[in-house]
Amino acid sequence: MDSNYGEESIPNKEMIRDARKMAIPQYWNPNKGEDGGFEPVIGSGGAYNMQTTIMVADEPFRGNSTMTKKFAKVMTGFVISNDGDQDLTFVINGQEWLVYAGAVFSENFLPFTTVTINTIVPFQAYGKFSLGSTIVPPPPVDTEAPEDVKNLVTSNITTTTLTLTWTVSVSEDTVGYDVYQGATLLGSVTGTTYNVTGLIHSTQYTFIIKAKDAANNISAGTSVTAITVEVPSVIPPIPITNLVAGTSTYNSIPVSWTASNGVRYEVAYSTNGTNFTVASDMVTADNYLVTGLSAITTYTIRVVAIGSDGERSSGNPTVQATTVTAPDVTLPIITAAPNGGTFTSAQSVTLNANEPDTIYYTTDGSMPTTSSSVYSAPIAISTTATLKYFGKDTAGNSSTVQTASFTINSGQPGMTTVTNGLLHSYDFRGGKGHTGSAQDSVGNMPLTLTNFKSDGTEGYIAGGIKQAGTSNDITSSGYLISTDLSNMGMTTPGSSFTVVIKAYLNAINYSTHFFTSSKDNKDLQIDPTPANTVGRFRICSSSVGATKVHPKVEIRDNATTTTTIIRDGAAFADSTLTPGGPGSVMQVTYDSVTKTMALYLNGVMNKSMVLENHAKFEGLVLSSGQHVTNALLIYNRALTSPELAQVSTDLLALP
């Protein structure tokens with residue numbers, strides 16, 4: 001065949017279509033007619049007409065820009081390699097194809113002589129044309145079955161198995177053999193042996209071997225008959241004797257016996273003597289350790305002798321034994337109360353165990369051992385320390401080592417154990433002189449001593465700060481003040497707070513001002529000066545009648561009104577503040593959510609009132625007047641009643 005067509009001889013043939021105008025399977029036959037044509041592909045049983053065609057590469061070319069290539073031959077395949085870093089396209093028979101950067105495209109096409117390549121990157125390409133073709137004739141149809149096998153025999157017959165062997169079929173196209181048990185296909189093999197299993201003893205069977213070829217033609221088959229072996233009459237083994245149980249543990253029991261004529265033994269156990277669980281049925285020794293048992297449980301153990309064919313002895317002996325209590329392997333749990341933290345006073349630490357234990361501990365942070373101190377009473381922690389401890393129970397189990405770190409802040413903050421929210425703490429005991437400042441041991445807001453007399457009648461005394469003025473303003477006597485609220489620690493107004501004062505009245509005056517939230521010691525005067533500030537409040541005492549003295553709070557609740565909260569205004573009410581001592585603890589709480597201000601004396605609430613406006617701080621002033629102040633505490637929250645009672649107890653206990 002000459003496939004070197006000129007351009008004018010390119011065929012223009014319609015593809016073959018069915019009644020629905022759908023293209024059917026077909027191929028191009030260049031030998032059909034004068035210039036070739038499409039041929040339908042017909043399957044097995046008809047004319048194949050399929051061709052064997054060789055594709056030959058020819059007319060290679062390359063470039064790096066758009067070009068059109070005309071081939072000298074009619075091509076039916078095309079290969080192009082994109083050697084650049086950008087995609088390119090090409091057009092054959094009016095169809096555009098894409099080749100990715102770095103990719104190689106290879107495909108067969110309907111005959112063509114021209115290809116247009118659109119590119120700005122380098123490429124290499126060549127065409128492929130069809131060379132030669134051969135009509136493939138349809139193969140002959142094989143309908144002849146192969147010859148049957150010969151010399152089919154059985155061997156190795158037992159009660160449940162046998163072996164089939166035979167001589168191969170003489171037909172050369174034989175590919176294998178089907179093995180039947182009666183009408184049931186057991187399997188297919190390519191060799192001449194088959195092992196049959198799963199038979200019943202003393203039973204006749206017919207087996208058939210059928211040869212088959214590649215066209216699935218199957219021979220009639222060769223058969224053979226065989227009878228499986230009869231099960232021999234066996235005598236079961238005699239039972240074992242002298243079955244005894246050894247020393248039990250919490251989860252096992254050892255047993256031993258005198259062997260019988262069995263080849264192996266089954267050991268089983270039961271908790272009720274009826275329902276047995278097999279521990280093992282492959283015991284060949286004359287003893288066995290039964291494991292996996294429950295503690296403190298009585299078990300019945302049985303041993304059965306088993307013969308070579310699985311026959312079992314009867315009248316088998318049993319023995320009973322009881323497992324012991326399981327050992328204690330649970331680690332003890334040791335806890336500390338308190339379990340570390342930051343405290344303002346010495347702590348008494350109690351160690352507790354969840355079971356009888358010996359507890360070992362150290363307080364220097366070192367790892368405790370059984371040579372460390374043994375806990376017998378609460379441990380006193382008076383300075384910052386690291387407590388480590390563990391317990392060991394009577395079974396020898398040791399708990400993990402626990403750690404509790406204690407920070408003890410000694411000094412002025414230790415006036416009370418209620419430290420949550422404590423912003424400022426002033427202890428006025430033990431100072432000297434009438435000038436200088438009183439230090440804040442918690443925050444950073446010292447109070448300056450102002451206008452104190454230097455004759456020894458005012459200023460620091462052993463019990464605190466003494467003020468001896470005849471009135472409650474700046475002209476009378478000394479006072480302590482801070483006008484810088486940058487370290488106050490709360491937003492004012494609008495924050496909840498608690499103010500606590502421990503003080504006592506001088507014997508010569510029943511009414512005085514102890515504390516005010518002003519910045520100029522002008523208290524709550526109603527005038528046009530800056531002292532007239534809504535929210536400013538003061539803590540003071542009130543003389544009712546001749547000798548009845550009670551604590552009270554006054555607050556500028558609006559621009560024109562001073563609101564008073566007093567313990568009792570009745571002239572007949574007993575005094576709650578005693579001139580000359582002893583000291584009393586006055587506490588004022590303010591809840592900014594409900595705008596409730598409450599007055600407490602020695603931890604007991606006297607009166608409370610809901611305000612119109614927020615209470616506020618402009619400054620801190622221990623006001624002038626006739627009194628001695630021992631301590632001042634300020635919190636950034638409203639303490640609870642139990643906390644106020646604790647603070648009062650702590651301060652009243654101060655020397």
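The side chains of Thr 300 and Gln 320 meet in a polar contact of 3.2 Å in this predicted model. With a relative accessible area of 9%, Thr 300 is buried, because buried means under 20%. Setting aside its neighbours within four places in sequence, Thr 300 touches residues that include Ala 268, Tyr 269, Ser 270 and Gly 273. Phe 276 is also among its contacts, as are Thr 318, Val 319 and Gln 320.

Arg 302 lies over the face of its ring, at 4.3 Å from the ring centre. You can find another such arrangement at Tyr 180, where Lys 210 sits over the ring face at 4.7 Å from the centre.

Now turn to rings that pair with other rings. The model has 20 aromatic pairs. One of them joins Phe 71 and Phe 112 edge-to-face, with 6.0 Å from centre to centre and 80 degrees between the planes. Phe 71 belongs to strand β4 (residues 67–82) and Phe 112 to strand β7 (residues 104–118), so this pair ties together parts that are 41 residues apart in sequence. Both partners are hidden away: Phe 71 is buried at a relative accessible area of 7%, and Phe 112 is buried at 1%.

These two rings also take part in a cluster linked by ring pairs.

Technical notes. Residues are numbered from 1 along each chain as its sequence is written. This is a predicted model: local features need pLDDT of at least 70, side-chain atom pairs count only at pLDDT 80 or more; totals for chains, interfaces and linings use all residues. Side-chain values use heavy atoms; hydrogens and water are left out. Rings of Phe, Tyr and Trp (its six-membered ring) pair if their centres lie within 6.5 Å; planes under 30 degrees apart count as stacked, over 60 as edge-to-face and the rest as tilted. Helices (H or I, at least four residues) and strands (E, at least two) are DSSP runs, numbered from the N terminus. Buried means under 20% relative accessible area, exposed over 50%, partly exposed in between (1.4 Å probe, protein chains only). A charge sits over a ring if NZ of Lys or CZ of Arg is within 6 Å of the ring centre and within 35 degrees of the ring normal. A polar contact is a pair of N or O atoms within 3.5 Å; within protein, one must be able to donate a hydrogen and the other to accept it, and residues adjacent in sequence count only if both atoms are side-chain atoms. Contact means heavy atoms within 4.5 Å.
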